[in-house]
Amino acid sequence: MIKLLKYELKCIMRFLQPIYVSFLIMSFLSGILNYIIIKNDKFEFISAFLNLTMYIVSIVFIVAAMFVPIMRYYSSMVKDEAYQTFCLPMDMKLIVLSKLILAVGNNIVSLILVILSNYILSDKGSLYLKIIDNKLYLFGEPIYFNLTLLIIMILLILICSYSMYNLLVFAAISIGTLINKNIISGSFLAGIFLYLLIIIFFTPVILIMMNMQENTSEKIMALFLIMCIAVLSIINILFFYICSRIFKEKPNLN
């Protein structure tokens, strides 16, 4: 498993490394330029334009970073490299899991870099999120929630959400391989179906949330977050099973 993770990491970093480095260089240069411009009131519009440009770049960066592991999954499980993948003396669940771990890790690193970029471009007094005396402030308003519990919940939801996104695409590609004549169209239709399945799973949670709008106590909020994590976990297990089950049969080995 460790060797497989190292190999997969080496493959995706060939594409991710220049993306990461380019984004960080742009962030630091924009931060320096913004620091110089912001001291002159006459050029505030340039600072606003610079911030807007970096926000757009951040979105492009996140999308590009998400796209790389998906293309890696497609090339190693569907295209010519699939022959080597299916000949590995490993359980298909471990192969899919290794790709999922690196994809989610890449998503989290990308998010951290975007947050860092936003911090570089903003002065410390204008940050939207602050922690003062172990209390969390969002847009200057205190959030009455246990900080440790909130961080744990957010991390779990973040990991589960990124896992669901990646497994949604992985499962759609896996189902698409069953349609040999047009894998891309099959994957697209499968993706739509799986997305509708996610909506069905989350409908009860949304309805419960709508009924809880007037009750924002800590216990109710914690219960809602736990429900979200539970639903995400169920969806992830289902999608993971689809991926490992389909490729276990090695549909395109020939």
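What volume does the largest cavity have? About 60 Å³. A cavity here is a set of points on a 1 Å grid over the protein atoms alone, where a 1.4 Å probe fits but cannot get out. The volume is the space filled by probe spheres set on those points, which are joined across faces, edges and corners.

A word on the source. This is a predicted model, where local features need pLDDT of at least 70 and side-chain atom pairs count only at pLDDT 80 or more, while totals for chains, interfaces and linings use all residues. Residues are numbered from 1 along each chain as its sequence is written, and side-chain values use heavy atoms, with hydrogens and water left out.

Back to the cavity. The search of the whole structure finds 1 of 30 Å³ or more. Its lining residues, with an atom within 4 Å of a point, include Glu 8, Arg 72, Lys 99 and Phe 170. Helix 1 (2-37), helix 2 (44-77) and helix 4 (92-121) each give two or more residues to that lining. Helices are DSSP runs of H or I, at least four residues, numbered from the N terminus.

Next, the cores. A nonpolar core joins buried Ala, Val, Leu, Ile, Met, Phe, Trp, Tyr and Cys residues through side-chain atoms within 4.5 Å. Buried means under 20% relative accessible area, with a 1.4 Å probe and protein chains only. The largest core has 45 residues. Met 77, Phe 202 and Phe 239 have the most contacts inside it. Helix 7 (218-248) gives the most, with 13 residues. Apart from it lies another core, of 13 residues, including Leu 5 and Ile 12.

Last, Ser 117, in helix 4. Ser 117 is buried, at 2%.

How values were computed. 1 Å grid on protein atoms, 1.4 Å probe; cavity = no way out; pocket = protein on both sides within 12 Å on 5 of 7 lines; lining within 4 Å. Buried < 20%, exposed > 50% of the residue type's maximum accessible area, 1.4 Å probe, protein only.
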